[in-house]
Amino acid sequence: MSAVGGTFCWLEIRHNRVYSRQLWRSCAVTITTMDFGGGVDFFVFLSEQWLLVGLLVALLYALVLSERYKAGVPVSLHEVTRLINSDGAKVLDVRDRSEFTAGHIVDALHIPHGEVAERFAELEPFKEKVVIVADKMGQHAGPAGRLLKQKGFQVRRLQGGMSEWSNQNLPLVKGKG
């Protein structure tokens, strides 16, 4: 606060802006605002509303997790080989025909991702087994896995897709399956 001509004026800094106000009419200082940039306002908001920001981050994390597991639990390459070797799983390859014939997992059932809903009857004999959905890199396994989970299947998704399978030099069968 400062005294100007017997009256009091004050400067206030709020949300990265400087405000000067006059308390009495005779104060010679006019009301001014100065902005130091909008970027700092965001950090001020974060520091003042930390509870809301934390709640938002937690809800976004929960949404990502729930969406990830709706299409089936992602499994590693080692877990997939263990499930296949114990005869407790069936691999569903949802890649295109050309990618499937270039190399696929032994005894994999091939249904392109766009045809899973129409060719659902082919999967009925494997309803009691774990169905592992494999695609090229993970982009088409989600929708196919969601559809199978809605129909009551135990679904897993091959983590990294068939590109990761071939990068690890795991066995592939070439030609028609």
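**Figure 1. Arg157, a buried residue without a salt bridge.** In this predicted model, Arg157 is buried but forms no salt bridge. The nearest side chain of opposite charge belongs to Asp135, at a distance of 7.6 Å. A salt bridge requires a side-chain nitrogen of Lys or Arg within 4 Å of a carboxyl oxygen of Asp or Glu. Arg157 is part of strand β9, which comprises residues 154–158. Apart from its neighbours within four places in sequence, Arg157 is in contact with Arg68, Ala71, Gly72, Val73, Pro74, Val75, Val133, Ala141 and Gly142.

**Figure 2. Helix α2 and the glycine that follows.** Helix α2 covers residues 50–70, a run of 21 residues. After α2 comes Gly72, which has a positive phi, near 110°. Gly72 is also one of the residues in contact with Arg157, as is Arg68.

**Figure 3. Salt bridge between Glu79 and Arg82.** The closest N and O atoms of Glu79 and Arg82 are 2.6 Å apart. Both residues lie in helix α3 (residues 77–85); because they are three residues apart there, about one helical turn separates them. Glu79 is partly exposed, with a relative accessibility of 28%, and Arg82 is likewise partly exposed, at 46%. Five salt bridges are present in the structure.

**Figure 4. Salt bridge between Arg95 and Asp93.** Here the closest N and O atoms are 2.8 Å apart. Are the two partners buried or exposed? Arg95 has a relative accessible area of 9% and is therefore buried, since the limit for a buried residue is under 20%. Asp93 is buried too, with a relative accessible area of 1%.

**Figure 5. Salt bridge between Glu99 and Lys136.** The closest N and O atoms of Glu99 and Lys136 are 3.7 Å apart. This pair links distant parts of the chain, the two residues being 37 residues apart. Glu99 belongs to helix α4, whereas Lys136 is found in the loop between β8 (130–134) and α5 (141–150). Both side chains pair while partly exposed: the relative accessible area is 23% for Glu99 and 40% for Lys136.

**Figure 6. A network of salt bridges.** Glu115, Arg119 and Glu122 are the residues linked in this network. Side chains of opposite charge can pair when their charged atoms come close.

**Figure 7. Asp107, a residue with positive phi.** Most residues other than glycine have a negative phi. Asp107 is not a glycine, yet its phi is positive, near 60°. Where does Asp107 lie? The residue is placed in the loop between α4 (97–102) and β7 (109–110). With a relative accessible area of 60%, Asp107 is exposed, as the limit for this class is over 50%.

**Figure 8. Asn169, another residue with positive phi.** Although Asn169 is not a glycine, its phi is positive, at about 60°. Asn169 is located in the segment after α6, the helix of residues 161–167. Its relative accessibility is 69%, so Asn169 counts as exposed.

Terms used:
Residues are numbered from 1 along each chain as its sequence is written. This is a predicted model: local features need pLDDT of at least 70, side-chain atom pairs count only at pLDDT 80 or more; totals for chains, interfaces and linings use all residues. Side-chain values use heavy atoms; hydrogens and water are left out. Helices (H or I, at least four residues) and strands (E, at least two) are DSSP runs, numbered from the N terminus. The expected span of a helix is 1.5 Å times one less than its number of residues. Buried means under 20% relative accessible area, exposed over 50%, partly exposed in between (1.4 Å probe, protein chains only). Lys and Arg count as positive and Asp and Glu as negative; His and the chain ends are not counted. Contact means heavy atoms within 4.5 Å.
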